[in-house]
Amino acid sequence: MKGIGHIEIQQVCLGYKSGLDIRTVIQDLSLTLDAGSFTSLIGASGCGKSTLLNAIGGHYKPLSGSIILDGVEIKTPGADLGIVFQQHTLFPWKTVKENVRFGPMRRGVGRAAADKLADEYIELVGLSGYENYYPKMLSGGMQHRAEIARALANKPAVLLMDEPFGALDAQMRASLQDSLLSIWESTHVTIVFVTHDVNEAIRLSQRVVIISRRSGSISSIIETNKNHDEPVEQYMQSRQTQELKRRCLEMLSA
Ligand SMILES: Nc1ncnc2c1ncn2[C@@H]1O[C@H](COP(=O)(O)OP(=O)(O)OP(=O)(O)O)[C@@H](O)[C@H]1O
C-alpha cells in the first residue's frame, strides 16, 4: 500500500507554443514522490520548476509522458491537488473563514460541517481570532497562512507550493516554515515545494530535486536525511547540513 498522495511522473515533456513551434522546457523527466513526502524543486530561474508544478496540479497537459496520482492520470485540476502561490489569491470580499470554507462548500459540504473544517484549519495555521478579518486587514504572512488553510480545507492529497514565502521578510519566513513543518507532520499531506532558496529547501524537505536548465531534466536528487526529533536550528547548523548545502550549490552552478 503506497498511501494517499503518491505521484509518479513518467518521462514527462512540457513546453509552450512559440509561433508555429513548441519550445520544450521540461524534457523526459521522471520522478516518484512517495505519499506523505516533502520534496523541494530548485533550479536556475526559467528551468521549468513552476511549469512542472503546474503540470502536477493539472493546469498543463504534458506534450508526452504522464503524471499519475494514486494510480490515476492527472488531466485536470481537482480538489486532491491544493496549490499555494507566492501571490495572494484570497477572495478580497470574503473574510478568512469565508475564504477557507469556500472550497468545502463548493464540493457540497454543508454549512455547519464547512464551518467546523474552516475553524480546524484556521487554528492549525495559527489564525484563530482572525476568522472575521478581510484579507486586506492581514499582514502578508497572515494572508499566506490563510491561503494554506484554504488549500488544506479541501483535504488535498497533495499540496503544491510555488515560492509561497518568497516575498516575506526573514523572520516571517522562518515562522511560516516552522508552521508548515508542523502542518505537514500533522496532516501527512504530500508536499511539493518550489523555491530559489537552498537553505529553505534543506530546512523543509526530505529530498531536494535540482532541475537543470540546460537539459530540462533532473540533474541531481539530494536526500536531506532529516531527523524529526532534532531541533531545526541545530539541524541547519550541523556539519552534515552545511555539506548538503555545499553540494546543492555546486549542482546548481554546474
Ligand atoms: N505561459 C507561458 N507561455 C510561454 N512560455 C512560458 C509560459 N510560462 C513559462 N514560460 C517559459 O517557460 C520557461 C520555464 O518557466 P518557469 O516559470 O516554469 O520556470 P521557473 O524555473 O519556475 O522560473 P523562476 O524560478 O524564474 O520562477 C521560461 O523560459 C518561461 O519563459
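This report describes the ligand shell, helices, strands and some loop residues of a predicted model. In this predicted model, local features need pLDDT of at least 70 and side-chain atom pairs count only at pLDDT 80 or more, while totals for chains, interfaces and linings use all residues. Residues are numbered from 1 along each chain as its sequence is written.

## The ligand shell

The residues around the ligand are Tyr16, Val25, Gly43, Ser45, Gly46, Cys47, Gly48, Lys49, Ser50, Thr51 and His196. A residue counts as near a molecule if its C-beta atom, placed from the backbone, lies within 6 Å of it. By type, the shell holds three nonpolar, seven polar and one charged residue. Here Ala, Val, Leu, Ile, Met, Phe, Trp, Tyr, Cys and Pro count as nonpolar, Asp, Glu, Lys and Arg as charged, and the others, Gly among them, as polar. Helix 1 (residues 49-56) gives the most to this shell, with three residues. Helices (H or I, at least four residues) and strands (E, at least two) are DSSP runs, numbered from the N terminus.

## Two helices

The expected span is 1.5 Å times one less than the number of residues.

| Helix | Residues | Length | Span | Expected span |
|---|---|---|---|---|
| Helix 3 | 111-124 | 14 residues | 20 Å | 20 Å |
| Helix 5 | 170-187 | 18 residues | 25 Å | 26 Å |

A residue is buried if 20 or more other C-beta atoms lie within 10 Å of its own, exposed if 12 or fewer, and partly exposed in between, with C-beta atoms placed from the backbone. In helix 3, Ala114, Leu117, Ala118, Tyr121 and Ile122 are buried. Seen down the axis of helix 3, the buried residues fall within an arc of 130°, so they line one face of the helix. The arc is that of the directions from the helix axis to the C-beta atoms. Ala112 and Ala113, on the other side of helix 3, are exposed. The buried residues of helix 3 pack against helix 2 (96-106) and helix 4 (140-152). Two residues are in contact if their C-beta atoms, placed from the backbone, lie within 7 Å. Glycine 126 follows helix 3 and has a positive phi, near 80°.

In helix 5, the buried residues are Leu176, Leu180, Ile183 and Trp184. They cover an arc of only 100° around the axis, which puts them on the same side of helix 5. On the other side of helix 5, the exposed residues are Ala170, Gln171, Ser182, Glu185 and Ser186. The buried residues of helix 5 pack against strand 3 (38-43), helix 3, helix 4, strand 8 (190-194) and helix 6 (198-204).

## Strands

Strand 3 is largely enclosed by the rest of the structure, because six of its six residues are buried. Phe38, Ser40 and Ile42 point one way from strand 3, and Thr39, Leu41 and Gly43 point the other way. Strand 3 pairs with strand 8 in the parallel sense over four bridges, and serine 40 stands opposite phenylalanine 193 in strand 8. Five bridges join strand 3 to strand 9 (residues 207-211), and these two strands also run parallel. Threonine 39 stands opposite arginine 207 in strand 9. Two strands pair if DSSP finds at least two bridges between them.

Elsewhere, four strands form an open sheet in the order 2-1-4-5, with antiparallel pairing. Strand 2 (21-33) and strand 5 (72-73) are the edge strands, and each pairs on one side only. Strand 1 (residues 7-18) and strand 2 run antiparallel and are joined by nine bridges. Leucine 14 stands opposite isoleucine 26 in strand 2.

## Loop residues

Most residues other than glycine have a negative phi. Histidine 188 is not a glycine, yet its phi is positive, about 60°. Histidine 188 lies in the loop between helix 5 and strand 8 and counts as partly exposed, with 13 C-beta neighbours inside 10 Å. Glutamate 163, also not a glycine, has a positive phi of about 45°. The loop that holds glutamate 163 is between strand 7 (158-162) and helix 5. Glutamate 163 is partly exposed, with 19 C-beta neighbours inside 10 Å.

Proline 135 is in the loop between helix 3 and helix 4. Not counting residues up to four places away in sequence, proline 135 touches His88, Leu90, Pro92, Gln143 and Ala146.
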